[in-house]
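Here are my notes on the model you sent.

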Amino acid sequence: MVAMAIMALIMSTGMVAGLLTHVFAPTSGIAAPEGAAQPVAPPGEPSNTTRLDDRARITGDITPKSVVAGPGGTVIANNMMYSHSSTLYDASSLERTATVSDEIDLADYGIEERAGATHGAPVEAVFSPDGAHAYVSQYSLTGPGSGAPATDDCAAGDEIGTSAVFRLDLASAQWDQVIEVGRVPKFISLSPDGSTALVSNWCDSSVSVVDLAAGEEVRQIPVDAAPRGSVVLPDNRTAYVTAMFADELYKVDLHTGESELVLETGRKPRHLVLSPDASRMYLTESGSDRLLELDTATGRVLREAETGREPRSMTISPDGLALYVVNYYANTVSKFDTTTMEEIQTVEVGQNPIGITYEPTQRRVWVANYAGSIDVFDDTAVPEEMT
């Protein structure tokens, strides 16, 4: 069946027998790290030959800071303290399937000293490899023992209370675990084997290393001001972290807790994504309106490209041939061809696009607009068929 599917793809597109080698070949000449998974693209045309089309818009009582697709057809949006919820969607129908309040009693999760009603503020999420759970960082906890209010300028310093990551059980759409971390946690990434989470503690200038089997933080690794984006490499111990207000990129060892400054960046380095073979990573510089391609072995800059105004989050296609970048102040999404680092499409979206994800089961790109909507684009159209 697999052989027949491949032959059908080749025949239908007129491609010759080197198609898959072409689709998956690294563009920088850098070998994939040992242990890296082989990238598998969904059926269809290579993503750098297709275009975003057929936009659908989702609205309602949402203020999405992020939107993240799981491996099994579920998409989660995280609505911060403005809506106090995470919302779940079916990737096929685009229908909302659940609204999960961020109100909990911490005593129900073993934190007896903070018993009573507590609100979170869902920021970012990452799915477990099996898609059974989503881990959601909470900007702050408001309730018993919460301390001073959390703010992006961290003005209250150590008076700000520590926060947590909530684990969401997808089958029941209920929180089933709370893991305490640092102050104002934002981005969260997982090791490829699903054993470890890395959480950026914005107001602690550190990242929390979380043992997911034990459900607890095992260490904090210092970096610099306003850590944000992160990626974990296939060895499950080496990670890169951006320090957004310090204009720096760090390499950290999750096992030893060591951190190393590897790159002084342009202004406000925000988000990181890995190529499917993990030989390269991509970095947005929000204050410099720039996209960088880096070597994951060294952190060295390989190529760069201009973006729209204030690039924030991005996502990469499963075949690694296309990057999708939100431009927060331009209200657009830019699509880049990773083989050339050239922008091949710009589309308009809602106000203040801030989160983005590629949903692989439907080949769609979801965009979280902070002002209160989610745009969903099909990414299978070919240019000559678009009107």
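**Notes on the disulfide and the sheet**

1. Start with Cys203. This cysteine is buried, at a relative accessible area of 15%. The cut-off for buried is under 20%, so the label holds for Cys203. Keep in mind that the model is predicted.

2. Which residue does Cys203 bond to? Its disulfide partner is Cys154, with an S to S distance of 2.0 Å. A search of the whole structure turns up one disulfide. The Cys154 and Cys203 link is left-handed, with -85 degrees about the S-S bond.

3. What does the pair tie together? Cys154 sits in the loop between strand E9 (133-138) and strand E10 (164-169). Cys203 sits in the loop between strand E13 (196-201) and strand E14 (206-211). As a reminder, a disulfide is a covalent bond between the sulfur atoms of two cysteines.

4. Now the sheet. Four strands form an open sheet in the order E16-E17-E18-E19, and the pairing is antiparallel. At the edges are strand E16 (227-232) and strand E19 (259-264), each of which pairs on one side only. From one strand to the next, the twist averages 25 degrees.

5. A closer look at one pairing. E16 and strand E17 (residues 238-243) run antiparallel and are joined by four bridges. Which residue of E17 is the bridge partner of Val231? Tyr240 is that partner. In general, strands of a sheet pair through backbone hydrogen bonds, either parallel or antiparallel.

Key
Residues are numbered from 1 along each chain as its sequence is written. This is a predicted model: local features need pLDDT of at least 70, side-chain atom pairs count only at pLDDT 80 or more; totals for chains, interfaces and linings use all residues. Side-chain values use heavy atoms; hydrogens and water are left out. A disulfide is a pair of cysteine sulfur atoms within 2.5 Å. Helices (H or I, at least four residues) and strands (E, at least two) are DSSP runs, numbered from the N terminus. Buried means under 20% relative accessible area, exposed over 50%, partly exposed in between (1.4 Å probe, protein chains only). Two strands pair if DSSP finds at least two bridges between them. Axes are lines fitted to C-alpha atoms, for helices over the stretch in contact, and angles run from 0 to 180 degrees between N-to-C directions.
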